[in-house]
Amino acid sequence: MNLEEDVEVVCPYCGAIFTTFVDTSAGGYATIEDCQVCCRPIELIVGCHAGVIDQVDTARA
Ligand SMILES: [Zn+2]
């Protein structure tokens, strides 16, 4: 069973929309991911349960 889901996020710095992957197997978590356009670090706060993403918030890390 693949518990990795793709999600669109909006960069809080440059406004670019890009797709990243979320591992839903362990429930909600927070992580840092670099914007694929401007390369600045984005904090991703993921709310999820197995196979389903409830919400993803972004913040300037
Ligand atoms: Zn950006």
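Predicted model: local features only at pLDDT ≥ 70, side-chain atom pairs only at ≥ 80, totals over all residues.
The mean pLDDT of the chain is 95, and 100% of its residues reach 70 or more. Among the elements of the chain, confidence is lowest in β2, with a mean of 94, and highest in β4, with a mean of 97. The secondary structure consists of 0 helices and 5 strands, which gives the pattern β-β-β-β-β along the sequence. The radius of gyration is 11 Å, close to the 10 Å that the globule rule gives for 61 residues, so the chain is as compact as a globular protein of that length. Along the principal axes, the C-alpha atoms occupy a box of roughly 35 × 15 × 15 Å. Of the 61 residues, 11% count as buried. Among contacts with a separation of 6 or more, 35% are accounted for by residues 24 or more positions apart.

Strand β1 (residues 4-10) pairs with strand β2 (residues 17-23) in the antiparallel sense, over 7 bridges. Within this pairing, Val 7 stands opposite Thr 20 of β2. There are 6 residues between the two strands of the hairpin, and Gly 15 in the turn has a positive phi of about 80 degrees.

Three strands make up an open sheet in the order β3-β4-β5, with antiparallel pairing. The edge strands are β3 and β5, each of which pairs on one side only. From one strand to the next, the twist averages 30 degrees. Strands of a sheet pair through backbone hydrogen bonds, either parallel or antiparallel. In this sheet, β3 and β4 run antiparallel and are joined by 6 bridges, while strand β4 (residues 41-49) and β5 pair in the antiparallel sense over 8 bridges.

Val 46 takes part in both pairings of β4: Tyr 29 stands opposite Val 46 in β4, and Val 46 stands opposite Val 56 in β5. A further bridge partner in β5 is Asp 57, which is paired with Ile 45.

The hairpin of β4 and β5 has 2 residues between the strands, and Gly 51 in the turn has a positive phi of about 85 degrees. The hairpin of β3 and β4 has 6 residues between its strands, and here Cys 39 takes a positive phi near 70 degrees. Most residues other than glycine have a negative phi. Cys 39 lies in the loop between β3 (29-34) and β4. With 10 C-beta neighbours inside 10 Å, Cys 39 counts as exposed, because the limit for that class is 12 or fewer.

Pro 41 is located in strand β4. Pro 41 has 11 C-beta neighbours inside 10 Å and so counts as exposed. Not counting residues up to four places away in sequence, Pro 41 touches Ile 32, Asp 34 and Ala 61. Pro 41 and Tyr 13 are 28 residues apart in sequence, and their C-alpha atoms are 9.2 Å apart in space.

Val 22 belongs to strand β2. Val 22 has 19 other C-beta atoms within 10 Å and is therefore partly exposed; a residue counts as buried if 20 or more lie within that distance. Leaving aside neighbours within four places in sequence, Val 22 is in contact with Glu 4, Glu 5, Val 7, Val 46, Cys 48, Ile 53 and Val 56. Val 22 and Gln 55 are 33 residues apart in sequence and 11 Å apart in space, C-alpha to C-alpha.

Notes
Residues numbered from 1 in each chain as written. Pairing = 2+ DSSP bridges. Helix = DSSP H or I, 4+ residues; strand = E, 2+ residues; numbered from the N terminus. Rg over C-alpha atoms; globule rule 2.2 N^0.38 Å. Contact = placed C-beta atoms within 7 Å. Axes fitted to C-alpha atoms, helices over the stretch in contact; angles between N-to-C directions. pLDDT = per-residue confidence, 0-100.
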